[in-house]
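This briefing covers a single structure, shown below. The points that follow are grouped by topic.

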Amino acid sequence: MAMSPGATTISNSSGTGGAVMDVTGGVGGAGVRGVTLSPPAAMRTELGLVAALLSAAGLAWWSTVERMAGMDAGPGTALGSVGWFTGVWATMMAAMMLPSLAPSAAVFAALVRRELSRVLLFAAGYLLVWSVVGVGAYGLFELGKSLFAGSLAWHSGGHWLAASVLVLAALYQLTPLKRAFLSRCRSPLRSLDTSWQNTRPGALVLGLRNGGWCLGCSWALMAALFALGVMSLTWMGLIAVLVALEKVGPWGRGARLATAGVLLVLAAAILAVPHDVPGFVVPGSPGSMHVMKTMG
């Protein structure tokens with residue numbers, strides 16, 4: 001195979017003939033040619049990175065459990081100060097999304113020959129997107145409470161709002177836009193076009209780009225999390241599983257449709273029998289929890 005000066009070949013011996021990346025090096029970055037290393041092959045090659053991401057997600061889950069212990073887990077719960085919530089949200093996103101980032105991160109690590117600083121910048125860019133989303137969601141949540149506090153009480157319009165958000169999230173699963181973003185998330189190599197620069201800033205930009213694809217794919221599921229109870233470990237776990245099945249599971253289309261079905265069932269149950277929904281905390285009910293720690 002002809003290669004330009006400074007090119008690096010990364011081979012993977014699995015499969016017939018292996019998979020090869022032809023990465024053009026040189027000052028100022030590189031384009032990517034003939035990239036055929038699949039995400040599963042990259043994950044097998046980069047087992048250490050995958051294990052590190054899963055370990056980081058596990059630590060983030062542990063931290064989230066510790067920080068959210070004793071808090072109200074129902075929809076509409078107080079989010080505390082913006083600083084406190086941003087920290088908790090960033091940790092939540094690491095817990096929920098790092099496992100789904102593993103295929104893209106493995107491909108990127110193989111591409112940059114496991115240069116740690118670039119891999120870290122790639123992951124940081126991805127998580128930065130979701131952290132900024134958390135700040136925006138906080139602002140919208142607090143604005144809604146200040147403008148419509150009375151009408152959004154659970155037994156007024158709150159249950160209708162929660163169900164409506166779940167229905168909208170389900171409908172988004174069926175749109176061409178969702179399919180397009182999910183295709184990007186499931187095929188990370190599509191982001192490695194000739195405009196990508198193989199530099200540290202380029203690694204950050206590529207992480208931001210991947211975070212943007214992921215946001216386009218999963219923003220409705222995060223809205224559903226707020227409708228179910230953003231401080232609930234139960235719903236965090238469910239949304240994390242749905243995200244992972246869509247992005248790294250073997251049947252992307254089936255997972256997308258199944259997720260829509262789950263959301264629709266939850267919407268109907270919240271309207272009809274909210275007290276019977278496993279793990280759902282009805283605001284104001286005798287079994288609801290109350291904040292037991294200062295959020296600030």
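In this predicted model, the axes of α5 and α9 cross at roughly 165° and come within 8 Å. An angle over 145 degrees counts as roughly antiparallel, so α5 and α9 are roughly antiparallel to each other. The crossing of α5 past α9 is left-handed.

**Contact of α5 with α9**

- On the α5 side, the contact is made by W154, H159, W160, A163, L166, V167, A169 and A170.
- On the α9 side, the residues are A260, L263, L264, L266, A267, I270 and L271.
- By class, the residues of the contact of α5 with α9 are 14 nonpolar, one polar and no charged.

**Contact of α5 with α7**

- Helix α5 also packs against α7, at an angle of about 160° and with the axes 9 Å apart.
- That angle makes α5 roughly antiparallel to α7.
- The crossing of α5 past α7 is left-handed.
- From α5, the residues in this contact are A162, V165, L166, A169 and Y172.
- They meet G216, C217, W219, A220, A223, A224, A227 and L228 in α7.
- The contact of α5 with α7 has twelve nonpolar residues, one polar residue and no charged ones.
- L166 and A169 of α5 take part in the contact with α7 and also in the contact with α9.

**Nonpolar core**

- The largest nonpolar core has 72 residues.
- The residues with the most contacts inside this core are M92, M96, M97, L166, M222 and L225.
- At least two residues of the core come from each of α2 (47-68), α3 (82-111), α4 (116-148), α5 (154-172), α6 (176-186), α7 (200-228), α8 (233-248) and α9 (252-272).
- Helix α3 gives the most to the core, with 17 residues.
- M97, leaving out residues up to four places away in sequence, touches Y126, W130, C214, S218, M222, V243 and K247.

**V243 in α8**

- V243 lies in helix α8.
- With a relative accessible area of 0%, V243 is buried, since buried means under 20%.
- V243 touches M97, S100, S218 and L221, not counting residues up to four places away in sequence.
- V243 and L221 are 22 residues apart along the chain, and their C-alpha atoms are separated by 8.0 Å.
- S218 is in contact with V243 and with M97.

- S131 has a relative accessible area of 18% and is buried, because the cut-off for buried is under 20%.
- Neighbours within four places in sequence aside, S131 is in contact with W89 and A90.
- G136 has 36% relative accessibility and counts as partly exposed, because the value falls between the limits of 20% and 50%.
- The C-alpha atoms of G136 and T86 are separated by 9.9 Å, and the two residues are 50 residues apart along the chain.

**Chain as a whole**

- The protein chain has nine helices and three strands.
- Along the sequence, these elements follow the pattern β-β-β-α-α-α-α-α-α-α-α-α.
- Of the 296 residues of the chain, 48% count as buried.
- Among contacts in the chain with a separation of 6 or more, 74% are between residues 24 or more positions apart.

How values were computed. Residues are numbered from 1 along each chain as its sequence is written. This is a predicted model: local features need pLDDT of at least 70, side-chain atom pairs count only at pLDDT 80 or more; totals for chains, interfaces and linings use all residues. Side-chain values use heavy atoms; hydrogens and water are left out. A nonpolar core is a set of buried Ala, Val, Leu, Ile, Met, Phe, Trp, Tyr and Cys residues joined through side-chain atoms within 4.5 Å. Buried means under 20% relative accessible area, exposed over 50%, partly exposed in between (1.4 Å probe, protein chains only). Helices (H or I, at least four residues) and strands (E, at least two) are DSSP runs, numbered from the N terminus. Contact means heavy atoms within 4.5 Å. Axes are lines fitted to C-alpha atoms, for helices over the stretch in contact, and angles run from 0 to 180 degrees between N-to-C directions. Angles under 35 degrees count as roughly parallel, over 145 as roughly antiparallel, 65 to 115 as roughly perpendicular and the rest as oblique. A crossing is left-handed if the near helix is turned anticlockwise from the far one by less than a right angle, and right-handed if clockwise. Ala, Val, Leu, Ile, Met, Phe, Trp, Tyr, Cys and Pro count as nonpolar, Asp, Glu, Lys and Arg as charged, and the others, Gly among them, as polar.
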